Amino acid sequence: MRTGTMMTAAAVVLAGLCVCPTHAQTARSSALTCGIRQYASHSDDSESPFGKGDLSYFLAYEYHEARAYWQVGVSYTPHATATSMVTNVESVTTPQVRLIFEEGMLIMGIGVLKHYIQQGDANHWSDLYWELEAGFQTSASASLGIRAVAYYTFREWGDIGDFDTSQLELGLEVSYRF
């Protein structure tokens with residue numbers, strides 16, 4: 001892993017620790033979240049194992065404090081379409097960590113992810129990549145929440161300005177707070 005990527009990841013963790021208060025009066029809770037994500041085509045990303053419309057299934061644990069929470073999870077894609085650069089993909093498992101900020105119905109966050117791509121005998125890990133997310137959440141009950149999220153992924157921070165709406169990925173999540 002390059003030093004710049006490690007420094008950026010450390011900065012995200014430190015920012016989260018500073019934003020999430022830890023005093024005794026903070027309302028803390030945990031949540032289990034499951035969801036589904038539809039991938040976009042990333043023709044400029046030679047490492048992406050996903051084709052347009054591929055679906056992944058997501059499971060995560062969340063630790064909530066005040067107006068932010070950490071989400072640690074994994075997604076699984078049983079049948080990735082593959083791309084011209086990544087072929088014969090059997091499945092993709094993606095561990096991920098996100099720091100998400102919430103204000104009323106609005107959520108926004110940043111995450112770091114890494115794919116484990118299964119290609120028969122040639123299984124391998126991808127490089128780390130980043131994602132920004134934004135969406136809306138609502139409560140179905142005191143402990144059940146629903147979120148609709150758009151994700152924008154990128155490999156290098158210098159590429160963030162090359163935003164293209166056709167590369168937005170969509171997700172739907174259900175969370176149970178306890």
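What volume does the largest cavity have? The largest cavity has a volume of about 80 Å³. This is a predicted model, in which local features need pLDDT of at least 70 and side-chain atom pairs count only at pLDDT 80 or more, while totals for chains, interfaces and linings use all residues. Residues are numbered from 1 along each chain as its sequence is written, and side-chain values use heavy atoms, leaving out hydrogens and water.

**The cavity**
- A search of the whole structure finds one cavity of 30 Å³ or more (on a 1 Å grid over the protein atoms alone, a set of points where a 1.4 Å probe fits but cannot get out; lining residues have an atom within 4 Å of a point).
- Of the 15 residues that line the largest cavity, Arg-37, Phe-58, Ser-75, Gln-96 and Arg-98 are the closest to its centre.
- Two or more lining residues come from each of β1 (28–38), β2 and β4 (91–103); strands are DSSP runs of E with at least two residues, numbered from the N terminus.

**Glu-65**
- Glu-65 lies in strand β2, residues 55–65.
- Glu-65 is buried, with a relative accessible area of 7% (buried means under 20%, with a 1.4 Å probe and protein chains only).
- Glu-65 and Ser-30 are 35 residues apart in sequence and 8.9 Å apart in space, C-alpha to C-alpha.

**Gln-119**
- Gln-119 sits in the loop between β6 (116–118) and β7 (124–125).
- Gln-119 is buried, with a relative accessible area of 16%.

Note on methods
Helices (H or I, at least four residues) and strands (E, at least two) are DSSP runs, numbered from the N terminus. Buried means under 20% relative accessible area, exposed over 50%, partly exposed in between (1.4 Å probe, protein chains only). On a 1 Å grid over the protein atoms alone, a cavity is a set of points where a 1.4 Å probe fits but cannot get out, and a pocket is an open set with protein on both sides within 12 Å along at least five of seven lines; lining residues have an atom within 4 Å of a point. Grid points are joined across faces, edges and corners, and a volume is the space filled by probe spheres set on the points.
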